Structure formats: structure tokens, C-alpha cells
Amino acid sequence: MIPALDEHQLLVFWCQLVLLVGTARLLGHLMRRLGLPSVVGELGAGLLLGPTVLGRVWESGFEWLFPDDELVGGLLLGVGWVGIALLLIITGFETDLTLIGRLGRASALVSTMSIVVPLAAGLMVGVALPESFLGAEATRLSFTLFIGLALAVSSLAVVAKILSELGFMRRDFGQITVAAGMANDVFGWLALGAIAALAASGEFAPGRLGLTLAGMGLFIVAALTVGQRGIDELLRRTRRGGENVGGGVTVAVLVALGFAVVTQWIGVEGVLGAFVAGIALGRSRFQQDKVLSHLETITVAFLAPVFFATAGLRVDLGLLV
């Protein structure tokens, strides 16, 4: 049974939302005025309100606002994950598979090198770092692999937001970058699962990794063939009586959530399913233009800033001193 929140927990949760959204939007606007993507300010809001700044300037205030409470923390993370799923639906809408296909060689080269080059650099760093950086239970192999992976994997959500704000999403450069970002995310979650298994049991499980990769491939094919026809039919039915933006938004959200369930079950990040859903929704000839506008409004103004600010909350730069 889901435990109920008491009055204090609800008060803390609402205060978290107010401060995170307000600070993230304010700093995001400031970054845009300076010619930088707003995501820089939104991540900075988390640093400002997190252990890096607030936790050192006003420790008691930080502990009240962000207590060691899994239930309240889970609520905040849940809001953020919904926001990032909606952001990747929007990215999928603006992803042109035909264009990526025409740029196949360039897309493949950029996707491959965006993983190989930083991965190699990270592995060298992991080997060179002294033993004092290893945790009590970490082996040199698992530590080195983790450092390499950390440098090799990008965030599709961050990439998408930056490209959209800079107006590059519909250009060749933007489409190649999105393709590389998706490859990075798939590789990252597969590799992270393999490294976690290695760290826990000391054994590498290629069979499980292969099944996950095969499952993801089958899902993408099914989503853009059988799933595409199902989406077309749902969107066609919502427009029987004329324009129906509310119905279109409902279909978009439900399809994205359903696809997220599948990819999470496969063992890959759920929001990648939302991205694939956005591609399929954007390809439908029955899609309504206003649906994208409605999704963008609530996502950019509220939900996505919560996710990026929450990401900043998890970083304590003071530990590097």
C-alpha cells in the first residue's frame, strides 16, 4: 500500500516545487539573455539550492527543504521524470528519420565516434587515477569501466533542449546530433547494466546484454510499423468530429507512457520509449499541429525545469575541493 503523506511532507514538497521552478526559470531566462541555453541556468538552480551552495551557506535550511525522506524525494523525482518524458516526446516530433537516413554515413560515424573517443579517454583516466579514488568495494576494472562510461554517455534530454532553443533541431547538424544522442543513451544503459552486474557478481553476462539489445531493436521496428498503424487509427478517431486538441494530447501522452513501460521492462531507460513514441506520433498524417504546442507549453514552463534542477541537486561540487 502507498503510504500517505503527512501535512509536513506535503508542505516540504510544495516548497520544493515553488523554489525549484522559480529559480530554474529565473536563471534559465538569465542564461538566454546571455546567449546560453536555458538548461544551463536550470541545472545551476539545482547547484544553488543543493548541497553545493545552500547546504553550506544555510545547512539547517537545506536540511528542512531537502530532508532525507525517500517518499518526498521520490515525488520530486517522479515529477521530473514525467517532464523529461514529455520533452523527449517533443524531440521525437521534430526528428526526421528520412533526413537521418539520407545522412546515414555521417550519422553512423558521428554516433560511433561520440562513444568511442570519450570512452577511450575515460578508460585511460580510470587506469591513471590513484587507488584512493576507488570505493571500499570497487575493483579497478569496474571503476575504470564506470569512468569510461561516464565520459562516453551524453543526455539526450539535455542535447534536445539545447538544439531546440538554438534553432538547430531541423537542420542536418541537429538531426545527426539527435541520432548520436539516442545511440549514446541506448549504449549507456546497456553498458551500465553490464558494469553493475560485473561489480555485483564479478562476472560479465553477455547473454543478458544481447537479449536487451535485441529487444530494443525489435521494439523500435514494431513501434514504427505495427505501432504506427495503431497510432494513426487512434488519432484518426479523435478527429472524427473535427479538431480535437485535447484528444490528441491524451493519445500522445498515453502512447508515450505505454512505450516507456515497454523500454523500461526491456531494461533500457523508459524515456527512450517516449522518444520513439514522439517519432511515431510526429510521422502520423492525422496529427494536429496544436498538440505539439500544448505539450511544449507545460513541459518547458514547468516539468522540464524540475528535472534539470533536480539533477543539479544531486551534485556537491564542494567534495571536489
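1. R237 forms a salt bridge with E233. Their closest N and O atoms are 2.9 Å apart. For a salt bridge, a side-chain nitrogen of Lys or Arg must lie within 4 Å of a carboxyl oxygen of Asp or Glu. R237 and E233 both sit in helix α12, four residues apart, about one turn of the helix. Helices (H or I, at least four residues) and strands (E, at least two) are DSSP runs, numbered from the N terminus. R237 is partly exposed, at 45% relative accessible area. Buried means under 20% relative accessible area, exposed means over 50%, and partly exposed lies in between (1.4 Å probe, protein chains only).

2. A word on the model. It is predicted: local features need pLDDT of at least 70, side-chain atom pairs count only at pLDDT 80 or more, and totals for chains, interfaces and linings use all residues. Residues are numbered from 1 along each chain as its sequence is written, and side-chain values use heavy atoms, with hydrogens and water left out.

3. E233 has another partner. R236 also forms a salt bridge with E233, and here the closest N and O atoms are 2.7 Å apart. R236 and E233 both belong to helix α12 (residues 226–238). They are three residues apart, about one turn of the helix. An α-helix has 3.6 residues a turn, so residues three or four places apart point the same way. R236 is partly exposed at 31%. E233 is partly exposed too, at 29% relative accessibility.

4. How many salt bridges are there by this rule? The count comes to seven. One of them joins E42 to K161, with the closest N and O atoms 3.4 Å apart. This pair links distant parts of the chain. E42 is in helix α2 and K161 in helix α9 (residues 156–166), 119 residues apart. E42 and K161 are buried.

5. Now the nonpolar surface. L30, L34, L36 and V40 make a nonpolar patch of about 350 Å². Patch members have over 30% relative accessible area and no salt bridge; like charges are joined within 9 Å, nonpolar side chains (Val, Leu, Ile, Met, Phe, Trp, Tyr) within 5 Å. The areas come from the Shrake-Rupley method with a 1.4 Å probe, and for residues only the protein chains shown count as cover. L30 lies in helix α1 and is partly exposed, with a relative accessible area of 42%. L34 sits in the loop between α1 (7–33) and α2 (38–49). Is L34 buried or exposed? L34 is exposed, at 58%. L30 and V40 are 10 residues apart in sequence and 9.8 Å apart in space, C-alpha to C-alpha.

6. Aromatic rings come next. The whole structure holds five aromatic pairs. Rings of Phe, Tyr and Trp (its six-membered ring) pair if their centres lie within 6.5 Å; planes under 30 degrees apart count as stacked, over 60 as edge-to-face and the rest as tilted. Why is the F62 and F66 pair tilted? Its planes meet at 45 degrees, with the ring centres 5.8 Å apart. F62 is buried, at 17% relative accessible area. F66 is buried as well, at 14%.

7. W81 and F307 form an edge-to-face pair. The centres are 5.5 Å apart, with 65 degrees between the planes. W81 lies in helix α5 (residues 70–93) and F307 in helix α15 (residues 289–313), so the pair ties together parts that are 226 residues apart in sequence. W81 is partly exposed at 35%, whereas F307 is buried at 17%. W81, F307 and F308 form one aromatic cluster.

8. Helix α15 deserves a look of its own. It has 25 residues. From first C-alpha to last, α15 reaches 35 Å, close to the 36 Å expected at 1.5 Å a residue. The expected span is 1.5 Å times one less than the number of residues. Where does α15 bend? The bend is at T299, by about 50 degrees. It is the angle between axes fitted to the seven residues ending there and the seven starting there.

9. Last, helix α13 (residues 245–266). It has 22 residues and reaches 32 Å, close to the 32 Å expected. Its buried residues include V245, V251, V255, F259 and I266. Just after α13, G267 takes a positive phi of about 115 degrees.
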